[in-house]
Structures are given as structure tokens and as C-alpha cells.
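Hello,

Here is the structure you are taking over.

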Amino acid sequence: MVNDSGLVASHGFLTGTGNGELDDDGIYRGAGGPLTRIVREAEPAPDGNGTFGSFGDVSIDTLGRVGFAGFLENTANPGTDSSGIFRGTGGALQTLLRGGWALPVGAGIFRGM
């Protein structure tokens with residue numbers, strides 16, 4: 001994905017990592033120079049409930065904030081809280097929506113992706 005400022009966000013697979021298949025997946029942002037790591041496989045979720053195991057769709061807004069679908073492992077309630085939508089710029093991540101969260105009144109519980 002490319003925003004109006006020319007920043008690119010992408011999901012990428014890595015080789016030569018310290019833990020092989022356990023940390024060979026990540027999301028990065030760049031504009032032709034050094035990349036900014038947004039998140040990498042095996043990093044903890046923002047609330048500490050689980051670690052990132054894989055990623056889905058990636059987007060980037062006009063401010064350079066990268067949004068992505070994240071699939072988590074080792075969560076407190078597997079099957080309920082093991083996916084969500086997250087956002088970051090290279091520092092702390094923000095959870096925008098997480099499996100198990102209540103939606104607006106009468107709309108139910110977000111089950112995940």
C-alpha cells in the first residue's frame with residue numbers, strides 16, 4: 001500500500017533471522033531509504049495478551065500510520081481473542097479492535113477474522 005506522501009507499507013517475509021520460522025514475518029514502512037519496523041512475528045500484543053503469529057491485510061493512512069490484521073498465539077482465550085486490527089508507526093502499537101470486544105449496544109461481540 002502507498003499513501004499520498006509516497007510512504008509504502010508492506011507485509012514481508014524474512015530470511016536469516018535469529019529464530020528461523022518463529023520470527024521471519026513482519027510489517028514494515030518505508031519511502032526508499034531505511035525501513036521502519038512496525039511489528040514482527042513473536043512480538044507481544046499491545047496489551048500483553050499473546051504474541052503475534054501472523055499478519056493479514058495492511059494499509060497506510062495519509063499520516064503514515066500503518067493498520068494491519070494481526071493473528072495472535074498464546075492468548076488467554078484462544079479462538080475468542082486471537083485476532084484483531086492494530087495500528088503503528090514504528091513505536092508502540094495500538095489495538096483498534098480485538099476478538100472478544102463488545103461492539104456498540106445490541107451489535108454483539110466481535111468474534112475475530
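Two strands count as paired if DSSP finds at least two bridges between them. Strand β2, residues 25-30, meets that rule with β3: four bridges join the two in the antiparallel sense. One thing to keep in mind from the start is that this is a predicted model.

The sheet that holds β2

An open sheet of three strands runs in the order β1-β2-β3, with antiparallel pairing. Its edge strands are β1 (8-13) and β3 (36-40), and each of these pairs on one side only. From one strand to the next, the twist averages 25°.

Leaving aside neighbours within four places in sequence, I27 is in contact with S10, H11, T36, R37, I38, V39, F55, V58, V66 and F68.

The other sheet

Four strands form an open sheet in the order β4-β5-β6-β7, and the pairing is again antiparallel. β4 (51-60) and β7 (94-98) stand at the edges with a single partner strand each, so one side of each has no neighbour in the sheet. The twist here averages 30° from one strand to the next.

Two of the pairings can be followed in detail. β4 and β5 are joined by seven bridges and run antiparallel. Within that pairing, I60 stands opposite V66 in β5. The hairpin of β4 and β5 has five residues between the strands, and G64 in this hairpin takes a positive phi near 85°. Further along, strand β6 (residues 83-88) runs antiparallel to β7, with four bridges between them. There, R87 has Q94 of β7 as its bridge partner.

The nonpolar core

Which residues have the most contacts inside the largest nonpolar core? They are I27, V39, F52, V66 and F68, in a core of 14 residues. The elements that give two or more residues to this core are β3, β4 and β5. β4 gives the most, with four residues.

The aromatic rings

A pair of aromatic rings is described by the distance between the centres and the angle between the planes. In this model the count comes to five aromatic pairs. One of them is F55 with F68: the ring centres are 5.7 Å apart and the planes are at 75°, so the pair is edge-to-face. The cut-off behind that label is an angle over 60 degrees. The pair links distant parts of the chain, with F55 in strand β4 and F68 in strand β5 (residues 66-73), 13 residues apart.

Are these two residues buried or exposed? A residue counts as buried under 20% relative accessible area. F55 has 7%, so F55 is buried. F68 has 2%, so F68 is buried by the rule as well. F55 and F68 also belong to one aromatic cluster, together with F52 and F86.

A42 lies in the loop between β3 and β4. The phi of A42 is near 85°, a positive value in a residue other than glycine. With 44% relative accessibility, A42 counts as partly exposed.

N74 is found in the loop between β5 and β6. Its phi is near 55°, which is also a positive value in a residue other than glycine. Is N74 buried or exposed? The relative accessible area of N74 is 69%, and the cut-off for exposed is over 50%, so N74 is exposed.

N19 lies in the loop between β1 and β2. At 49% relative accessibility, N19 counts as partly exposed. The C-alpha atoms of N19 and S54 are separated by 15 Å, while the two residues are 35 apart along the chain.

Where to begin

Regards

Definitions and conventions
Residues numbered from 1 in each chain as written. Predicted model: local features only at pLDDT ≥ 70, side-chain atom pairs only at ≥ 80, totals over all residues. Heavy atoms only, no water. Axes fitted to C-alpha atoms, helices over the stretch in contact; angles between N-to-C directions. Phe/Tyr/Trp six-rings, centres within 6.5 Å; stacked < 30°, edge-to-face > 60°. Buried < 20%, exposed > 50% of the residue type's maximum accessible area, 1.4 Å probe, protein only. Core = buried A, V, L, I, M, F, W, Y, C linked by side-chain atoms within 4.5 Å. Contact = heavy atoms within 4.5 Å.
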